[in-house]
Amino acid sequence: MKFDTPATTNPIDRLKVVGQPLDRIDGPLKTTGTAPYAYERHDVVADPAYGHVVGAAIAKGRIQRMDLAAARHAPGVLAIVTAANAGTLDKGSFNTARLLGGPDIEHYHQAVALVVAESFEQARAAAELVRIDYAPEPGSFNLRAAAGSATLPHENDITGPAETHVGDFTEAFARAPVTLDETYTTPDHSHAMMEPHATLAQWDGDRLTVWTSNQMIAWANADLAKTLGLPKEKVRVVSPFIGGGFGGKLFLRADVLLAALGARAAGRPVKVALQRPLIANNTTHRPATIQRIRLGAERDGTITAIAHESLSGDLKGGGPETAVNQTRLLYAGRNRMTAMRLAVLDLPEGNAMRAPGEAPGMMALEIAMDEMAEKLGLDPVEFRIRNDTQVDPENPQRPFSSRPFIECLRLGAERFGWSARSPRPGQRREGQWLIGMAMAAAFRNNLLMKSGARVRLDKAGRVTVETDMTDIGTGSYTIIAQTAAETMGVPMEQVVVRLGDSEFPVSAGSGGQFGANNATSGVYAACVKLREEVARRLGFNSREAEFSDGEVRVGNRTIALGAAAAEGEIVAEDFIEYGDLDKTHQQSTFGAHFVEVAVDRATGEARIRRMLAVCAAGRILNPKSARSQVIGAMTMGAGAALMEELAVDTRRGFFVNHDLAGYEVPVHADVPHQEVIFLDETDPFSSPMKAKGVGELGICGVGAAVANAIYSATGVRIRDYPITLDKYLDRLPDVA
Amino acid sequence: MRSFSYERAASPAQAAEAAIHNPGAKFIAGGTNLLDLMKLQIEAPPHLIDVNGLGLDEITPTEDGGLRVGALVSNTRLAADMRIRCDYALLARALLSGASGQLRNKATTAGNLLQRTRCPYFYDTAQPCNKRQPGSGCSAIGGVSRQLGVIGTSEACIATHPSDMAVALRVLDAEVETVRADGTCRRIAMADFHLLPGDTPHIETMLEPGELITAVVLPHPVGGRHIYRKVRDRASYAFALVSIGAIVQPDGSGRVAVGGVAHKPWRVEAAESELPRGAQSVCERLLAGARPTRDNAFKITLVERTLRAVLNEARG
């Protein structure tokens, strides 16, 4: 199905099932511990061997010598895989560094060996016996120090242009009566998902099957085949359940490759889970940024000049953190520029983490907007409203498909009790606590991706959906079932959803908050095709046929849906693909975050008291799972504001706090009260579902709202995340 | 993790004797720290002596009006004991500020005292660490040190002791009761129990090889306001940036010890005479000679500000 004109009324609009706050259909599997996660596929392989990964002990240099003798002779050891014995390996097109290093080492904890043994414990013990002599080389590990050598990043569809210029920023900024010029920093972040990267691999002759934990089945399939030099058809990737990803599982990672190589070397199935202490340095992370923002405005608050420059680093051949994305689109302003610079660092590989670009970009931009509002003497909500734009500011003939940004701001202000806020910071006190209230905008683009699905109808009227779409804890199973139930007119109980298998049609996958809208649209397309075939078999005109209550009806003639499959199962397959509606119209999601914090006036500890997000993200397919997505993202944003930082040892070139004791993420006590409101809207330009992404909108801007609230509480402005007490303790009022 | 042998001790004295006969052996109780360290091969004992089930899990009154807390009393039980909550509230509060409910259910009184540092370089076996591998050097000095020690540190080690409970026990003048391989018992004052790193940071306590902790003895209650204030980035389930354990009497005198700053709970009795003059006076003596790093210099300010808040609360 090609979607190239705005959606009109279609079966989804009935909203009998879609749009309802239904429980997850996979919930019972998860709450009973029976959802099959990769490391626990006892159902498919009875007796696997176990692999344990050895990570490089240096950040950069070469392996001089590897002594495997002791490990090889350790009890239970079946095989040891290294770059020296693994045969020729290519590199995945989504990988910057090789997944199996040696003799050259590209980053700390790059995998250099896999020890395979009969038991997990034996593999782990033997891995400690691998002796490696390294010749370390100096590297570049300090982003600030590398700033001078940074260059323009290579441009592609994902990164967008390295620079944009509209009007004459320099002159407008110089002439503006009110200006701001500040620098903001965000640190490296780890995805820190609960389930580590894990894979079970089995060879059958030259055919390879991996049961793994991956967000993008087709990418993993292609890159695993490419790395091993196999045709894609010889590789099967299965990933029906994923214990969190956040972008950390978008790509083929070392667990998959090493399990495959280990299974080949050992001659039997092998499973590998990356050890927790390896994950921070072995896998990808959200890169740190240094961002400079300049704003110029008239005294009435009209922005006349806006510039956002961002520096980030990555391994050679890697890409930038696109932190300027939102600044190209969020606010009006006749004169504007954005620029990205990329430095080469020898730290582990930077890549996408939840809302890449916008998450750290909004953390900076929305502090700047708060600061500018104060300079102008304007309410921060009003300042944003004053600079709203209904068109792409770089390209004014391009309207937004839908942009109820002002509604989000106004509704949020009303619901949060914004009128009680004091415009002057440091005014409200409750006992030991300094209380602050602040807000920030939320913004994240809506991305359109081709997405396919196959649907089957059996004679019992049961509809089975197959697509390689993944559910990374987001609710994909449920919204896909809702889509099929709505389109085919059957109850949810009559829908079976099968996900995450490379034998199923290629979907959008889970990432960039594009999964829900695109994958359900693909399922809708396949269901429309199935309806046509059902109608044809029943002798109905498909345009007149009404599908509801498990029946097909034309006029006063009603036939059970399953009757169409009486002669055998009907299978329909289709995909959604898009015309140029995302070119003619800018498609984005909007919101407003409101936060109240309390800061202990003695210790400086900042604790969030309540949070509200108002979101406009098109049709909300399932308010329950969408709310879970948004509160999860708000929590992640709170973590980014208050505690999350991969601490770089700039001498040794690695992230030091590489476990969940050292890399703190919020616990329940950190987020007492959260509220989410979805605007009741549809976006007919996005897809037949009229939905947009929402899973990342919730993290965009929330960190700045927390930062602004700490300023509101204390009067101290911190521009370096995370906002920990050591950064402002000496600027708090004296304790009496 | 290396292979190890395992035995269940029949009595505390037999456990100590078994430890002497198995060089490198470790006692295991709750295992909440030891097993983690063994999995990472930071600890690799060839032999484990299980001291559960030896009757060391009782809390009993002592003759001089105190309490004898068995080494195997879990952190959860200790914190919930009504005698502890009434007369040693500082201890209950310190315990409840640490770890998580699940960990406290398993963690024991003796094990809590013997937990190892949380210095990230200690945890990374690819990095030099004098505590993990004597003589290999300290990679924390000059590295990421925000959480690490500011006082009593050495050129060999700047690690901290992570326990909250130990800070309270130090304030309470508790004693650690042990049994040695020859069957003799002794009591070690909390002041002496943990050592500063010096040039032997791998030696963390006064315990001799084989010596087993059998109890912690609390002296007669001292009354006063008991306050444990733990400062951390995350609201729960995090180690202290700094913590303050204090007992303040109605006349303003009292005791104070600090956690998160040194290789042991940090208490300087001479500084306590300054308590009536306020936090600044106390801290000048309490933290005299501190040598913070650039990353953790804030702890000096933080201790003083937190102590000031604690003293305000005590007065309040």
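In what order do the three strands of the open sheet in chain A lie? The order is 5-3-7, with antiparallel pairing, where strands are DSSP runs of E with at least two residues, numbered from the N terminus, and two strands pair if DSSP finds at least two bridges between them. This is a predicted model, in which local features need pLDDT of at least 70 and side-chain atom pairs count only at pLDDT 80 or more, while totals for chains, interfaces and linings use all residues. Residues are numbered from 1 along each chain as its sequence is written, chains are lettered from A and ligands numbered from 1 in the order in which they are written, and side-chain values use heavy atoms, with hydrogens and water left out.

At the edges of this sheet lie strand 5 (104-105) and strand 7 (131-136) of chain A, each of which pairs on one side only. Strand 3 of chain A, residues 61-67, runs antiparallel to strand 7 of chain A and is joined to that strand by six bridges; A:Gly61 stands opposite A:Pro136 of strand 7.

A UniProt annotation from an unreviewed entry, "domain: Aldehyde oxidase/xanthine dehydrogenase a/b hammerhead", covers residues 32-138 of chain A; positions follow the numbering used here, feature names are shortened, and annotations may be inferred rather than shown by experiment.

Turning to the cysteines, the structure holds zero disulfides over all chains, a disulfide being a pair of cysteine sulfur atoms within 2.5 Å. For B:Cys119, which is in no disulfide, the nearest cysteine sulfur is that of B:Cys129, 6.1 Å away. B:Cys119 is buried, with a relative accessible area of 6%, whereas B:Cys185 is exposed at 55% (buried means under 20% relative accessible area, exposed over 50%, and partly exposed in between, with a 1.4 Å probe and protein chains only).

Note on methods. Helix = DSSP H or I, 4+ residues; strand = E, 2+ residues; numbered from the N terminus.
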